[in-house]
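Here are my notes from a pass through the model, as promised. Have it open while you read.

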Amino acid sequence: MQFLSSCGIAASRRHAAGPVSRALLVAVLAGGVFSTAAEARRSQPAPPAPKVSPYVSADSLEGNFLSGYIAVASRDTGAAAHYYREALRDDPGNPDLLDRAFISLLADGDFAEAGRIADRIVARDPANGLAQLALAVRAIKARQFVTARNILSRGGRGRTADLTAMLLTAWSYAGAREGKRALETIGSARGEGSFAVFRDYHAALIADVTGNVAEAERRFKSAWDADKSTMRIVDAYGRFLARQGRREEALALYRSYEGAGSRHAYIKSAIAALEAGKPLDPLVRNAQEGAAEVLFGLGSAGSQQGDELASLIYLRLSLVLNPDNALAIVAMADVFDRMKQTDQAIEALKLVPANSPLKASADIQIGLSLEQMGKGEEAIAQLDRARAEKPDDTEALVALGNVLRSRKRYAEAAEVYTQVLDKMPEDQPGRWPILYYRGTAYERAKQWDKAEADLKAALALVPESEPIGRSQVLNYLGYSWVDTGRNIDEAFKLLKRAVELNPRDGMIIDSLGWAYYRLGQYDDAVRELEKAAELKAGDPVINDHLGDAYWHVGRRLEAQFQWQHAKDAGPEPEDLPKIEEKLHGGMPELPRPAETGSTNLTEQIKNGG
């Protein structure tokens, strides 16, 4: 992002990614204790508990520096913060180490230590925008609004920097109850599109906090008219209307967002509260929360643009000012997930407040993340707890069924999906995916009759307006028929339709190719299976199928090559002996369907049907 580039982050990242000097490498190899990236991983402890570092520090400045360098390359903020802080102790006046330690500590959430280093940085370089931003946030948190404004006037320059400084300055005026000055500050900004929406949104929040009801309504409506799809704008406006005694207007506003196809937990919670006659608090109650909202918005935007480090820093600063903002916490967890730091994503999700509408989904995501890390039993235990806390909610049950299915506990997964279906009305639109999941679990559990019934029921319910979902159901049912030698003609029709709906899915193309193979149409099978292998390289099932097809068209060496690929790609345990047998002895010749008279589909295929 341009703002972070203007205040020194871009330069620091270039240093982190650049070549290590030969002198440094020599020093490390000569005596520095080198701590590997594998040693430099941890889960970030939940504040405000004091941090106990799990890392073993190196015995030299060079060793700690290089360990921090590797941690940055591995996107491990905790390790980077630890090692650069250790390096800084050995060379406290090194400006490069100050910058690196500051950024790493800020990204890791150690705001107190980052603030102390920021003081040292601005003493040397008053124009360092990121350090000035951190100090301004510290001042706003302490309600030192004049100090914050003075600091913000000295920051870096650039579009994002100017926007950030302008909005935080406006909020500092609001904190001092100078509402007119706050709105004048925002009014000085010029811009169109999303810039104008962001400006109007914060002007509305400021007017609301400072008691200017008429201006708040005008600005809320302007922001909402320009962007009805942003949940935060809808929620803020709805809460404002409800507090003005306009409950029905607020409900209509929330329901219009619901009607657009979103089922956000905040919107559902607000509707439930209004229907129960309960009040809704303002989205932003004071200047600290308003400034936090600025930083949250910028952090969320950065995440969508793919700049994870910038997003993480903005979100960390936002949470300094409003630590209970569950949306910012979940956004931070998402950034960690993008950075492949799943353990830190889990620790972030644990910070979601118990009374937040996002708490249930955060608990579920923790379970799914544990499964992603290979901690299947912990994942199941976590989802069991989530299910117990929300017994009427089906989301935890669905997640539990999915984890059990991924763990190959198919019969148990089917039982869980049955519990989900028992809680759902027969006409509920979300019923077909659960039938599909249960059908796949039954099929894998060798309960074919039940599987077929569920897959057919799912196919009857999935709408044509959901082509990807429909293609998956068509594919699974068609492939299952082909693989068991049943309903070949009908299976072929289902698979051709699935390919039409989803022509870039390698597994679906594989199913069609396998149908040709089972019909003895080996040339056609090769054509489709080669497409599948190109679309989904390295899949053991596709490689195995393609090897079989190659064998029967006389391409024996290529068949052996594909089977070896299938073996190396980690096939299912029950498939491995079959692949090894083919590698050692090849395959017997199979009769063509014309020799058995088993189907009339061969002629249809030859004629283009």
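1. Where does R124 lie? It sits in helix α7, which covers residues 111-124. Helices here are DSSP runs of H or I with at least four residues, strands are E runs of at least two, and both are numbered from the N terminus.

2. Before going on, the ground rules. This is a predicted model, with local features needing pLDDT of at least 70 and side-chain atom pairs counting only at pLDDT 80 or more, while totals for chains, interfaces and linings use all residues. Residues are numbered from 1 along each chain as its sequence is written, and side-chain values use heavy atoms, leaving out hydrogens and water.

3. Back to R124: leaving aside residues up to four places away in sequence, R124 touches P95, L98 and D99 (contact means heavy atoms within 4.5 Å).

4. With D99, the R124 side chain makes a side-chain polar contact at 3.5 Å. That term means a pair of N or O atoms within 3.5 Å; within protein, one must be able to donate a hydrogen and the other to accept it, and residues adjacent in sequence count only if both atoms are side-chain atoms.

5. R124 counts as partly exposed because its relative accessibility is 41% (buried is under 20% relative accessible area, exposed over 50%, partly exposed in between, with a 1.4 Å probe and protein chains only).

6. Check the backbone at R177, too: phi is near 65 degrees, positive in a non-glycine residue. R177 is in the loop between α10 (159-175) and α11 (179-187), and R177 counts as exposed because its relative accessibility is 55%.
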